[in-house]
Amino acid sequence: MVEKHTIFLLLGSNIHPRTVYLKKAIEFIDNSLGEIISISSLYESEPWGFEASVAFLNRVVCLESSFEPLEILKRTQEIERLLGRTTKTNGVYVSRTLDIDLLFFDDEIIDLPELTVPHAQIANRRFTLIPLAEVDPAKIHPGLNRTCRQLLDDCTDSSKVWKYKEKQVYAL
(Lines give C-alpha, C1' and ligand atoms only; values in the text may rest on other atoms or scores of the structure.)
Protein backbone atom coordinates (compact mmCIF):
# COMPACT_ATOMS: atom_id res chain seq x y z
CA MET A 1 0.00 0.00 0.00
CA VAL A 2 1.27 3.48 -0.94
CA GLU A 3 1.82 5.85 1.97
CA LYS A 4 -0.20 9.06 1.82
CA HIS A 5 1.21 12.31 3.13
CA THR A 6 -0.78 15.34 4.27
CA ILE A 7 0.54 18.46 2.61
CA PHE A 8 -0.38 22.12 3.04
CA LEU A 9 0.40 24.54 0.21
CA LEU A 10 0.00 28.31 0.04
CA LEU A 11 -0.92 29.69 -3.38
CA GLY A 12 -0.45 33.35 -4.22
CA SER A 13 -0.74 35.67 -7.21
CA ASN A 14 -0.58 39.42 -7.76
CA ILE A 15 -0.48 39.60 -11.56
CA HIS A 16 -3.82 39.75 -13.37
CA PRO A 17 -5.84 37.65 -13.95
CA ARG A 18 -5.06 36.55 -10.38
CA THR A 19 -8.16 34.40 -9.90
CA VAL A 20 -7.49 32.55 -13.16
CA TYR A 21 -3.91 31.69 -12.13
CA LEU A 22 -5.12 30.36 -8.77
CA LYS A 23 -7.94 28.31 -10.30
CA LYS A 24 -5.56 26.80 -12.87
CA ALA A 25 -3.03 26.03 -10.14
CA ILE A 26 -5.67 24.11 -8.19
CA GLU A 27 -6.55 22.12 -11.31
CA PHE A 28 -2.86 21.25 -11.86
CA ILE A 29 -2.42 20.32 -8.19
CA ASP A 30 -5.48 18.09 -8.31
CA ASN A 31 -4.26 16.41 -11.52
CA SER A 32 -0.56 16.02 -10.72
CA LEU A 33 0.04 16.02 -6.96
CA GLY A 34 -2.76 14.21 -5.16
CA GLU A 35 -6.26 14.46 -3.78
CA ILE A 36 -7.31 17.87 -2.50
CA ILE A 37 -8.91 17.56 0.94
CA SER A 38 -9.76 21.20 1.63
CA ILE A 39 -9.26 24.70 0.26
CA SER A 40 -9.46 27.94 2.22
CA SER A 41 -11.44 30.97 1.25
CA LEU A 42 -9.69 33.39 -1.06
CA TYR A 43 -7.91 36.23 0.74
CA GLU A 44 -6.51 39.48 -0.53
CA SER A 45 -3.50 41.08 1.11
CA GLU A 46 -0.93 43.78 0.81
CA PRO A 47 2.35 42.69 -0.76
CA TRP A 48 4.72 41.43 1.95
CA GLY A 49 8.38 42.36 1.82
CA PHE A 50 8.17 44.64 -1.23
CA GLU A 51 6.10 47.36 -2.89
CA ALA A 52 3.60 46.51 -5.64
CA SER A 53 0.53 48.23 -7.02
CA VAL A 54 -1.58 45.04 -7.10
CA ALA A 55 -2.59 43.20 -3.94
CA PHE A 56 -2.02 39.46 -3.62
CA LEU A 57 -4.69 36.82 -3.68
CA ASN A 58 -3.84 33.85 -1.47
CA ARG A 59 -5.39 30.58 -0.42
CA VAL A 60 -4.26 27.43 1.36
CA VAL A 61 -4.77 24.00 -0.15
CA CYS A 62 -4.56 20.81 1.91
CA LEU A 63 -4.03 17.58 -0.01
CA GLU A 64 -3.04 13.97 0.38
CA SER A 65 -0.23 12.78 -1.84
CA SER A 66 2.05 9.77 -2.21
CA PHE A 67 4.94 11.97 -3.38
CA GLU A 68 7.95 12.77 -1.22
CA PRO A 69 8.90 16.40 -0.38
CA LEU A 70 11.47 17.02 -3.14
CA GLU A 71 9.07 15.63 -5.75
CA ILE A 72 6.33 17.93 -4.40
CA LEU A 73 8.76 20.85 -4.72
CA LYS A 74 9.69 19.87 -8.27
CA ARG A 75 6.04 19.53 -9.32
CA THR A 76 4.91 22.78 -7.69
CA GLN A 77 7.76 24.63 -9.39
CA GLU A 78 6.68 23.09 -12.71
CA ILE A 79 3.11 24.32 -12.10
CA GLU A 80 4.50 27.80 -11.39
CA ARG A 81 6.44 27.71 -14.69
CA LEU A 82 3.43 26.44 -16.65
CA LEU A 83 1.47 29.43 -15.36
CA GLY A 84 4.08 32.01 -16.33
CA ARG A 85 6.29 32.23 -13.26
CA THR A 86 9.73 33.48 -14.14
CA THR A 87 12.90 32.40 -12.36
CA LYS A 88 12.90 32.81 -8.59
CA THR A 89 14.93 35.76 -7.38
CA ASN A 90 17.07 34.52 -4.46
CA GLY A 91 15.12 36.14 -1.64
CA VAL A 92 14.15 39.34 -3.48
CA TYR A 93 10.37 39.58 -3.63
CA VAL A 94 8.71 40.56 -6.92
CA SER A 95 5.23 40.44 -8.42
CA ARG A 96 4.32 37.03 -9.83
CA THR A 97 1.66 35.13 -11.72
CA LEU A 98 1.86 32.28 -9.22
CA ASP A 99 3.78 31.35 -6.11
CA ILE A 100 3.34 27.98 -4.39
CA ASP A 101 4.89 27.54 -0.95
CA LEU A 102 5.13 24.14 0.73
CA LEU A 103 4.02 24.97 4.27
CA PHE A 104 3.79 21.54 5.91
CA PHE A 105 4.62 17.98 4.90
CA ASP A 106 2.99 15.68 7.48
CA ASP A 107 4.65 16.61 10.77
CA GLU A 108 8.15 16.48 9.35
CA ILE A 109 10.92 19.00 9.79
CA ILE A 110 13.01 19.20 6.62
CA ASP A 111 16.15 21.32 6.35
CA LEU A 112 17.78 20.93 2.95
CA PRO A 113 19.55 23.54 0.81
CA GLU A 114 16.63 23.55 -1.65
CA LEU A 115 13.74 23.03 0.80
CA THR A 116 12.83 24.06 4.34
CA VAL A 117 9.64 22.62 5.85
CA PRO A 118 7.74 23.89 7.72
CA HIS A 119 8.08 27.02 5.63
CA ALA A 120 10.48 29.37 7.44
CA GLN A 121 8.13 32.38 7.37
CA ILE A 122 4.82 30.79 8.46
CA ALA A 123 4.74 32.40 11.91
CA ASN A 124 5.56 35.85 10.50
CA ARG A 125 2.90 36.18 7.79
CA ARG A 126 -0.77 36.92 8.42
CA PHE A 127 -1.57 36.24 4.73
CA THR A 128 -0.40 32.65 5.34
CA LEU A 129 -1.75 32.12 8.84
CA ILE A 130 -5.31 33.36 8.22
CA PRO A 131 -6.15 30.85 5.45
CA LEU A 132 -4.09 28.16 7.19
CA ALA A 133 -6.01 28.62 10.45
CA GLU A 134 -9.26 28.51 8.47
CA VAL A 135 -8.37 25.14 6.93
CA ASP A 136 -6.89 23.53 10.07
CA PRO A 137 -6.69 25.73 13.18
CA ALA A 138 -5.53 22.79 15.32
CA LYS A 139 -2.63 21.80 13.01
CA ILE A 140 0.52 21.88 15.12
CA HIS A 141 3.70 23.43 13.77
CA PRO A 142 6.23 20.66 14.52
CA GLY A 143 9.12 23.06 15.13
CA LEU A 144 7.30 25.63 17.25
CA ASN A 145 4.85 23.23 18.93
CA ARG A 146 2.01 25.74 18.48
CA THR A 147 -1.25 25.40 16.60
CA CYS A 148 -1.93 27.47 13.50
CA ARG A 149 -4.57 29.35 15.50
CA GLN A 150 -2.05 30.13 18.26
CA LEU A 151 0.51 31.26 15.69
CA LEU A 152 -2.08 33.59 14.15
CA ASP A 153 -3.07 34.96 17.56
CA ASP A 154 0.61 35.65 18.36
CA CYS A 155 1.61 36.99 14.92
CA THR A 156 3.04 40.51 15.01
CA ASP A 157 2.66 41.10 11.24
CA SER A 158 0.46 44.19 10.84
CA SER A 159 -0.20 43.71 7.11
CA LYS A 160 -3.83 43.96 6.07
CA VAL A 161 -5.54 40.71 4.99
CA TRP A 162 -9.20 40.50 4.02
CA LYS A 163 -11.56 38.02 2.40
CA TYR A 164 -11.68 38.55 -1.32
CA LYS A 165 -15.05 39.43 -2.80
CA GLU A 166 -15.00 38.35 -6.41
CA LYS A 167 -16.86 40.78 -8.63
CA GLN A 168 -19.69 39.16 -10.49
CA VAL A 169 -19.64 39.89 -14.21
CA TYR A 170 -22.94 39.44 -15.95
CA ALA A 171 -23.29 39.03 -19.68
CA LEU A 172 -26.12 40.88 -21.36
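This is a predicted model: local features need pLDDT of at least 70, side-chain atom pairs count only at pLDDT 80 or more; totals for chains, interfaces and linings use all residues.

Residues are numbered from 1 along each chain as its sequence is written, and side-chain values use heavy atoms, with hydrogens and water left out.

**Two helices in contact**

Helices (DSSP runs of H or I, at least four residues) and strands (E runs, at least two) are numbered from the N terminus. Helix 1 (residues 18-32) packs against helix 2 (residues 69-82) at an angle of about 145°, and their axes lie 10 Å apart; such axes are lines fitted to C-alpha atoms over the stretch in contact, and the angles run from 0 to 180 degrees between N-to-C directions. On the side of helix 1 the contact (heavy atoms within 4.5 Å) is made by Ala-25, Phe-28, Ile-29 and Ser-32, and on the side of helix 2 by Arg-75, Ile-79 and Leu-82.

**The nonpolar cores**

A nonpolar core is a set of buried Ala, Val, Leu, Ile, Met, Phe, Trp, Tyr and Cys residues joined through side-chain atoms within 4.5 Å, where buried means under 20% relative accessible area, exposed over 50% and partly exposed in between, with a 1.4 Å probe and protein chains only. The largest such core has 26 residues, and Ile-29 and Ile-79 are among those with the most contacts inside it. Helix 1 gives the most to this core, namely five residues. Leaving aside residues up to four places away in sequence, Ile-79 touches several others, including Phe-28, Leu-33, Leu-98 and Ile-100. A second, separate core of 19 residues includes Val-135, Leu-151, Cys-155 and Val-161.

**Salt bridges**

A salt bridge is a side-chain nitrogen of Lys or Arg within 4 Å of a carboxyl oxygen of Asp or Glu, and the count by this rule comes to 11. Three of them are set out here.

| Salt bridge | Closest N to O distance |
|---|---|
| Arg-75 and Glu-71 | 2.7 Å |

Arg-75 and Glu-71 are four residues apart in helix 2, so about one helical turn separates them. Arg-75 is partly exposed, with a relative accessible area of 27%, and Glu-71 is partly exposed at 23%. In helix 4 (residues 148-154), Asp-153 and Arg-149 are likewise separated by about one helical turn. Elsewhere, Glu-80, Arg-85, Arg-96 and Asp-99 are linked in a network of salt bridges.
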